[in-house]
Amino acid sequence: MLTPDTNNSQESTSQASNKHAANSQGSNTPEYSKLWYPYAQMKSLELNLEVVEASGVYLTMSDGKRLIDGISSWWCVSHGYNHPELNQAMFDQAQKFSHVMLGGLKNSTTEAFASKLVEITPEGLNHVFFSDSGSVGVEVAIKMALQYFFNQGNQKKTRIVALERAYHGDTTACMSVCDPAEGMHKMFHGITPEQFFLPAPKGGFNASTETIDEELSKAETLFQTHGESIAAVIVEPLMQGAGGFNIYSPEYLNRLKALCEQHDILLIFDEVATGFGRTGKLFATNHTDIVPDIMVLAKGLTAGYVGHAATLASTKIFEAFLSDSYSKAFMHGPTFMGNPLACAIGLKAIEIFERDNFLGNIETIESILKEELLGFEHEEIVETRVLGATGAIEVKDAKFHQGIQQFAAERGVWIRPFERYIYTMPPFVITPEELRKITGVMKAWFARPR
């Protein structure tokens with residue numbers, strides 16, 4: 001039997017106590033948060049609100065205050081918090097096993113989830129590769145696209161085309177296809193792989209033919225000049241999320257796909273944010289007449305319960321990896337890919353989505369957002385935009401909404417603006433009254449005394 005080293009244990013405890021005492025007694029070393037928070041300057045981090053419970057669309061704070069979550073915990077909690085059926089699905093799977101590797105083993109839950117995703121996604125996306133976050137799902141898509149050509153002996157196609165204002169995640173390959181000039185990863189431009197960028201599409205959802213012609217002429221010129229080195233184009237279809245909720249036309253995507261086919265370039269749809277109803281259809285792809293070669297899903301994939309992602313590929317892509325040579329296999333394998341807990345929740349989330357007519361809920365959300373936000377004017381507003389269950393207000397200067405989080409929280413709403421954008425992406429179970437409270441607080445910010 002192993003026994004603890006008492007002396008070492010006492011020494012460690014003593015060191016920890018001395019460290020704490022030094023920090024608490026005015027040491028020159030300030031006592032910063034032990035938890036490193038995302039997208040935050042830790043030196044000036046304001047005290048975060050503490051959540052102790054959540055249910056439906058409400059977050060309950062440690063002081064007892066309840067806030068309507070207007071942004072679905074970064075756009076993923078589509079079914080609301082503490083959903084009894086999702087809780088039960090997770091519990092039932094955990095009673096069997098919480099995780100098994102996919103290397104040499106299989107399980108019925110993960111296989112069933114893959115089959116369900118093939119069933120509900122656009123026809124032709126027949127193969128599912130799981131990973132554990134949206135960023136990794138995009139990394140998988142890019143790696144898959146490059147190796148697709150490598151496996152055919154084409155070593156020239158090594159570049160990716162993305163859109164300005166794009167955001168595709170925070171890992172290395174993802175950063176390379178985020179906006180190089182204005183995006184949050186611009187400091188890494190020149191360090192990450194150099195990619196090509198097209199202007200963010202203009203004209204909105206119903207862009208004119210003339211506008212689309214002008215935008216796609218730039219893509220055609222790029223493809224004609226550099227097509228031999230381009231493996232794929234990656235886009236957030238119809239709505240660029242963290243790039244400022246730029247909404248653009250389905251016809252742009254229809255015609256972009258045709259150009260890609262002419263130049264033997266793959267098309268990747270990053271539906272991490274737009275998938276599972278956020279744009280008004282089950283997938284943003286469903287607004288178009290096309291099917292991408294590769295599609296990435298995350299966020300709503302598990303209704304915000306656990307991190308998980310899926311990269312779906314066409315049979316054309318999949319078959320390029322079939323060979324008697326192991327060197328052509330796809331050498332990627334996140335430890336928790338296909339996690340059975342995540343897959344069990346995902347299966348139940350899709351069942352609820354279809355059974356409870358969430359698309360109908362989203363249609364109602366969209367109509368309310370349009371009524372409340374479109375046409376709302378203020379001297380500081382550049383534009384208001386709505387698509388599906390997303391509503392955004394763009395202001396001229398990011399400084400304008402400093403303090404809005406506290407303002408909203410005092411009125412029972414949780415929102416988190418970024419840069420020049422105040423927005424809501426609520427859970428799909430929100431009631432009209434709760435949604436109008438969110439938009440009412442957003443608009444009240446502009447009417448406050450200054």
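Which residue in β7 is the bridge partner of arginine 159? In β7, that partner is isoleucine 230.

## Basis of the model

This is a predicted model, in which local features need pLDDT of at least 70 and side-chain atom pairs count only at pLDDT 80 or more, while totals for chains, interfaces and linings use all residues. Residues are numbered from 1 along each chain as its sequence is written, and side-chain values use heavy atoms, with hydrogens and water left out.

Strand β7 covers residues 230-235; strands are DSSP runs (E, at least two residues) and helices are DSSP runs (H or I, at least four), numbered from the N terminus.

Strand β5 (residues 159-163) runs parallel to β7 and is joined to it by 3 bridges; two strands pair if DSSP finds at least two bridges between them. Strand β10 (residues 266-270) also pairs with β7 in the parallel sense, over 4 bridges. Leucine 266 in β10 stands opposite alanine 232.

## Histidine 79

The loop between α2 (72-75) and α3 (84-96) holds histidine 79. Histidine 79 counts as buried because its relative accessibility is 4%. Leaving aside residues up to four places away in sequence, histidine 79 touches residues including Leu86, Ala303, Phe353 and Val429; contact means heavy atoms within 4.5 Å.

## Tryptophan 74

Helix α2 contains tryptophan 74. Tryptophan 74 has 35% relative accessibility and therefore counts as partly exposed.

Terms used
Buried < 20%, exposed > 50% of the residue type's maximum accessible area, 1.4 Å probe, protein only.
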